[in-house]
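Open your viewer and get your selection tool ready. We will go from one stop to the next, picking residues and looking at what surrounds them.

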Amino acid sequence: MTTSPLVLGPMMRYVDETSASIWVETRGDSRVSVRAGDRSWEARTFAVHGHHYALVEADGMEPGSVLPYTLDINDEQVWPVPDSGFPPPVIATLKPGKPLRLAYGSCRTSVPHDATGNRTHGVDSLRAYALAMASDADLPWPDLVAFLGDQVYADLTSEQMQEFIRARRDIEAPPGEELKDYEEYAHLYNLAWSDPANRWLLSTLPSVMIFDDHDIRDDWNASLSWKQKMEATSWWHGRIVSGLASYWVYQHLGNLSPQERHDDAVWQLIAGHRSEAEPDVSAELDSFAERADRDPESYRWSFCRDFGDTRLIVVDSRAARNLDPEARALLDDDEMAWLDGRMRGGFRHLLVATSLPFLLPMGLHHVESWNEALSEGAWGKRPARAGEKLRQAVDLEHWAAFQKSFRQVALMAAEVADGKRGTSPDTVTFLSGDVHFSYVAEVVRSSGSRIIQAVCSPIRNPLPRLMRYFGAVMAYGLASPVGALVARSARVPDPPFRWKRVEGPWFNNNLAGLEVVPEGLKLWWQTGVVDAGDELHPRLEQVTSVTVASREEGRRPPAGRGLDRPHRRAEQT
């Protein structure tokens with residue numbers, strides 16, 4: 001059997017009204033061509049640590065066009081695969097004035113889609129969605145899918161990943177079953193994105209991505225103590241360099257618009273290369289990744305895109321942290337200033353996508369704010385050490401555990417909602433993942449725009465049932481009043497506003513959808529269901545839906561009212 005020159009992809013990444021970026025990994029130095037209609041576009045591969053990649057920019061297209069395309073490598077057609085059973089992949093440019101339709105979620109493990117994999121990790125919601133897209137002609141496709149963290153798990157590896165590691169090094173030596181270098185990251189991404197159904201979806205549906213901790217390691221940048229502990233190991237430097245370098249190649253590069261790529265220093269090395277041999281940017285990319293880790297203000301992973309009357313801000317809540325106890329912040333000064341400049345009115349909906357929920361359940365919020373104060377010495381040195389151990393043991397490092405940053409962003413959101421930063425939108429909506437349960441919360445307000453938190457997690461990595469009960473109690477039980485008391489005991493000020501649960505929690509593997517509709521903002525969650533043991537062909541089933549109704553100027557219902565919940569099938573505690 002002839003080996004295909006295509007290793008991974010194609011992946012449809014940045015798409016606007018007239019252009020599209022298609023990413024591929026190839027088996028060698030290649031010319032990559034995309035053909036659609038009577039047009040074709042070409043790019044040369046670049047090399048990173050023995051791997052070969054290309055990003056083809058298809059430009060000059062008509063707005064709102066839907067064009068089937070093929071992919072050639074060195075004049076050999078490699079995509080679509082003959083007899084794949086999936087519809088032809090398409091380039092669908094944005095249509096001016098069309099309301100945004102978005103899919104989003106986080107936390108997806110890469111294990112086989114068989115009975116064993118489904119028993120241990122549940123049905124892959126992304127794959128169920130792909131199969132529904134391919135088979136249901138009446139299913140409206142999103143304009144974009146946003147992956148909000150933990151696209152890969154570099155620290156909690158599957159049996160398939162461990163087999164690869166054993167074949168090349170002693171898995172008993174540090175870092176053990178965790179990833180060590182770029183070669184292992186490349187294989188992990190291949191495992192994550194090579195299933196035929198998901199591969200087809202990614203070849204035709206534009207995507208944006210932002211990392212969370214497991215893309216690098218659990219609790220990444222939780223605190224200065226955590227970072228110092230990692231830097232004292234023999235393997236962390238290689239891990240963080242390869243993690244950020246591979247993230248730039250596999251995830252971040254496709255987030256960039258043509259202009260943003262033009263301004264990117266690493267891409268300039270690739271685009272400006274003029275010799276016969278393909279450019280090898282391994283050394284430059286490693287140097288860049290090392291610098292980005294050492295000096296977070298030297299590079300920005302966050303990005304912002306406008307879709308007609310909707311703005312989407314995707315925020316890096318991991319690499320941009322300031323861990324200095326004297327200036328501790330989830331977003332450093334430069335990143336906060338960037339976000340401040342984009343938190344503006346004048347849109348019907350302002351969407352803020354951040355891997356970590358901005359509005360945790362109130363009880364958990366209080367516990368994390370108390371733990372931050374404890375860990376930073378509010379009760380003395382000995383309790384501070386205990387607080388740090390607790391912080392790392394149970395992942396108390398969300399926005400609530402960075403109170404300075406939380407309050408700054410809360411003020412921005414309130415000012416947008418109150419019309420102090422331009423015409424107030426109908427909603428300021430935070431989209432998040434990470435916590436392995438889904439829910440909807442709303443800030444209690446008597447006027448102004450609605451401020452919503454909508455979490456979708458996981459796509460495929462459910463909590464064990466015992467942890468579900470623990471999470472529900474911590475989030476919604478006695479944790480709220482008790483958490484408020486202990487937070488005050490550490491002199492943590494009350495939050496600048498209150499919020500309450502509207503829906504959830506539910507613990508299914510989910511992929512969420514969002515659509516701007518005339519009556520407001522519609523949100524829904526869908527999961528994959530296996531019937532009669534047909535593990536490879538799960539059907540897509542709706543878990544729940546919520547419509548955030550638009551408010552009339554100067555009037556809005558109390559929190560929770562005006563939220564239509566027409567359908568519900570949630571796996572709850």
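**First stop: a buried arginine**

Select R261 and S21: their side chains make a polar contact at 3.0 Å. Bear in mind throughout that this is a predicted model. Now show the helix around the arginine; R261 belongs to α8, residues 258-263. Is R261 buried or exposed? R261 has a relative accessible area of 3%, and because buried means under 20%, it counts as buried.

**Second stop: two packed helices**

Next, select residues 236-252 (helix α7) and 282-294 (helix α10). Their axes lie 8 Å apart and the helices pack at an angle of about 110°. Since angles from 65 to 115 degrees count as roughly perpendicular, α7 is roughly perpendicular to α10.

Which residues make this contact? On the α7 side, show H237, I240, V241, L244, A245, W248 and V249. On the α10 side, show L285, D286, F288, A289, E290 and D293. Colour them by type and you get 9 nonpolar, 1 polar and 3 charged residues.

In soluble globular proteins, nonpolar side chains tend to be buried together.

**Last stop: backbone details**

Turn to the backbone with this background: most residues other than glycine have a negative phi, and most peptide bonds are trans.

Pick P174 and P175, which are joined by a cis peptide bond with omega about 5°. P175 sits in the loop between α3 (159-166) and α4 (182-193). Then move to S457 and P458, where the peptide bond is also cis, with omega near 5°; P458 is in the loop between β18 (450-455) and α15 (465-476).

Finish with two non-glycine residues of positive phi. C107 has a phi of about 70° and lies in the loop between β10 (101-105) and α1 (115-121), where it is buried at 1% relative accessibility. N221 has a phi of about 60°; look for it in the loop between β12 (207-209) and α6 (224-231). N221 is buried, at 6% relative accessibility.

Terms used. Residues numbered from 1 in each chain as written. Predicted model: local features only at pLDDT ≥ 70, side-chain atom pairs only at ≥ 80, totals over all residues. Heavy atoms only, no water. Axes fitted to C-alpha atoms, helices over the stretch in contact; angles between N-to-C directions. Helix = DSSP H or I, 4+ residues; strand = E, 2+ residues; numbered from the N terminus. Parallel < 35°, antiparallel > 145°, perpendicular 65-115°, else oblique. Contact = heavy atoms within 4.5 Å. Nonpolar A, V, L, I, M, F, W, Y, C, P; charged D, E, K, R; others polar. Buried < 20%, exposed > 50% of the residue type's maximum accessible area, 1.4 Å probe, protein only. Polar contact = N/O pair within 3.5 Å; in protein donor to acceptor, adjacent residues only side chain to side chain.
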